[in-house]
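Work through the exercises below with the sequence and the model open. Each task is followed by a solution in steps.

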Amino acid sequence: MPKLSDMSSRSILPIPDQVHYGLTTYDAKDPDTRFPPIRQIEPPEGAPNVLIILLDDAGYGSSSAFGGPCDTPNFEKLANGGLRYNRFHNTALCAPTRAALLTGRNHHSVNMGCITELATAAPGQTSVRPNSKQPLAETLKLNGYSTAQFGKCHEVPVFHNSPVGPFDTWPTGSGFEHFYGFIGGEDNQYYPSLYEGTTPVEVDKTPQEGYHLTEDLADHAINWIRTQKSVAPRKPFFVYFAPGATHAPHHVPKAWIDKYEGKFAHGWDKQREITFARQKELGVIPESAELTPRPEEIPAWDEMPAALKPVLERQMETYAAFMEHTDHHVGRVVAAIEELGILDNTLIFCIIGDNGASAEGTVNGTFNEMIVLNGMAGAIETPEFLQSKLDEWGSVNAYNHYAVGWAWAMDTPYQWTKQVASHWGGTRTGTIVHWPKGIQDKGGQRFQFAHVIDVAPTVLEAANIPEPIQVHGVTQSPMEGTSLLYSFNEAQAPERHELQYFEMFCNRGIYYKGWSACTRHSTPWLVTSHLPAFDDDKWELYDGNKDYSQAHDLAKENPEMLAKLQRLFIIEATKYNVLPLDDRRVERFTATTAGRPTVAKGKKQVYFSGMRRISEATVLDTHNKSFQITAQLVVPKSGGQGTIVALGGGIGGWGLLMDGGRARFIYNLFGLQTFVTDATQPLPEGEHQVRMEFVYDGGGLAKGGGVRLYYDGHKVGEGRVAVTQPSWFSATEGLEIGHELGTPVTPGLKVDETVFNGHIKWVELSIGDDDHSHLISPDDYWHMLMSRQ
């Protein structure tokens, strides 16, 4: 078979077809009939399999492989057979890190300056990847690799996250031939919202039967790898394994939590000291490194109320268990590769964190993270409330996150946490590279500066595949990372990645030849509009050649170097579309304010029976306003039963359903309280129209409102919702018609009990003042539907 020996032949992708210009005979039986064999694209000889493992929200000091308290024997095994990179960096936030990792370009350069939910119209912030910056998976696929992704994908713009796409930014549109996982920033580990390719799928067992998402992802990855090597053993694979762990909710079976009982009674200040000492023993930080002090914004462990400490301990016990559980299942994937006899030529990047540990759980931690994201933690999650949930932490009833102090401890020895791109606590992540065929220094330490944008160039160099200059007819911009291959077998090789900017939520920094300058503009758990002017931000200066952990600010001692680095930041920020700086948070959640497209337009949407997994971002916003639901139903003789329409799930949402033949509207407030309005009479057999009107009280966010129920225009019930959620219901559970998936809005209800037993012709959702009468005629309905085309 013809080989592609010339690197230049791979620089244009797809590799152009070869045209046969030889003799064409009239009769195929003619002895002079000759044709070259059908060409199959293969990677260069010896190209390795590639496995990239990316954990979520894990700080440098969390895993035992880097001195942390969370037992990760499989990560340790990989490190002892490979290399630990101790100055490896991310972007300080999940979606930007993932976009940078998968493309080899800076996050603003691929328009992922923040999470997709906060995208704006500004260059660098749109969340839409430029077609001039194709991802690594596409390059590998077009060079003959088999490609698959398992787990989290947070790179799909919210206005692409719909059942009808567009799908070009989904994994299967980004170079991965197979995808099994979820779209969004997080997922319920017990009741996930999963896709296979672009098709919603449901899992086949419950948490009570032992289901957990990380195990499920590992099962699918193992099965895919085995199948790929069985069917095409000569073809290398690229597997991207990115579980939702260890992002909140910290869900893990109780048996794993029990192992850590009592191990964190000393608190987060002492844990920093313990981890710091262990890091020096392992050699993952220099002997000269110093432990940075606790910021004044984070309370000391001794300042926390004594009655709250058992809850705080349980939070960390749960997180540690979650990470060990994740390590176990990552280990299963690696073991499957080893059992196939292909580990020797499998290049593994194990990146333990897409950002620093998350300080998004507030000072006290949270039982339901959505309460925090809705800005209502102070009003709901009192110490007494948290104490009452002690035994439920990590369970199916929780959507939990740990306190800020634990996040800080998991980022030992550095300052700050996730979101704070200015300091190493937000961006430095323990990373392991394992490749027996390519690495001779087993168990070695590497201190060269590195960044997630270096991974893609490293993989291409290891595979002897050039960066493409053209993909699908579009000229490509060069990758912005630097291959790390030079350092694999030269521990003292001078670093090649000498300049790198950082920016997230206007926390910004610059690294240049060992020096770093940085300024913290905002604090992750404090959402406020009272932020300083950018020119008033206080800049710090550190000499990383002598000060590994950014412990000594030299800004006053060396103003010339500070000015030089500040100027470098502006140059890099201009080059990569970091400007204009944007410190808005709440405002950016609103698409119209941010200049972000929306799928849902106008004041009405119409749905049909069987529609499912309609993401909340593509549904009309029903928060902080009046809204109406109108459904045309056919009720069976036995009476109506089941869900008509529901938005959200067990941790928050609303639903219109039939129960015992009567209409019911339920509003679920964060999974903590439900407000139920029932019709006073059953709905007879036959075709009818059921309508719910929610009349918002007004006067600000999260207010209550009145509920009215109607059958065929006649009022049959009324009630009240005392308080509402001002923002999100769920990160992944959306709107469904006739059957709820994931966790039902009604507490205690099983998924199969939500199936509507009649026929739903259509459901209309409308917001604001409703101009229709209480009864919508079929003519009005079709006019309304067609007017939306």
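**Exercise 1.** In what order do the strands of the open sheet of three strands lie, and with what pairing?

Solution. The model is a predicted one. Reading across the open sheet gives the order β1-β14-β15, and the pairing is mixed. Next, take the edges: β1 (12–13) and β15 (474–475) each have a single partner strand, so one side of each is left without a neighbour in the sheet. Then take the pair β14 and β15: β14 covers residues 470–471 and is joined to β15 by two bridges, the strands running antiparallel.

**Exercise 2.** Determine which residues of helix α2 are buried, and state what follows for the helix.

Solution. Buried means under 20% relative accessible area. By this cut-off C94, A95, P96, T97, R98, A99, A100, L101, L102 and T103 are buried in α2. That is ten of the ten residues of the helix (residues 94–103), so α2 is largely enclosed by the rest of the structure. Finally, look past the end of the helix: G104 follows α2 and has a positive phi, near 75°.

**Exercise 3.** Describe the second largest pocket by its volume and its lining.

Solution. Start with the space, which is about 920 Å³. The lining has 38 residues, and those closest to the pocket centre are Y191, G742, T743, P744 and L749. Sorted by class, the lining residues of this pocket comprise 18 nonpolar, twelve polar and eight charged.

Conventions
Residues numbered from 1 in each chain as written. Predicted model: local features only at pLDDT ≥ 70, side-chain atom pairs only at ≥ 80, totals over all residues. Heavy atoms only, no water. Buried < 20%, exposed > 50% of the residue type's maximum accessible area, 1.4 Å probe, protein only. Helix = DSSP H or I, 4+ residues; strand = E, 2+ residues; numbered from the N terminus. Pairing = 2+ DSSP bridges. 1 Å grid on protein atoms, 1.4 Å probe; cavity = no way out; pocket = protein on both sides within 12 Å on 5 of 7 lines; lining within 4 Å. Points joined across faces, edges and corners; volume = space filled by probe spheres on them. Nonpolar A, V, L, I, M, F, W, Y, C, P; charged D, E, K, R; others polar.
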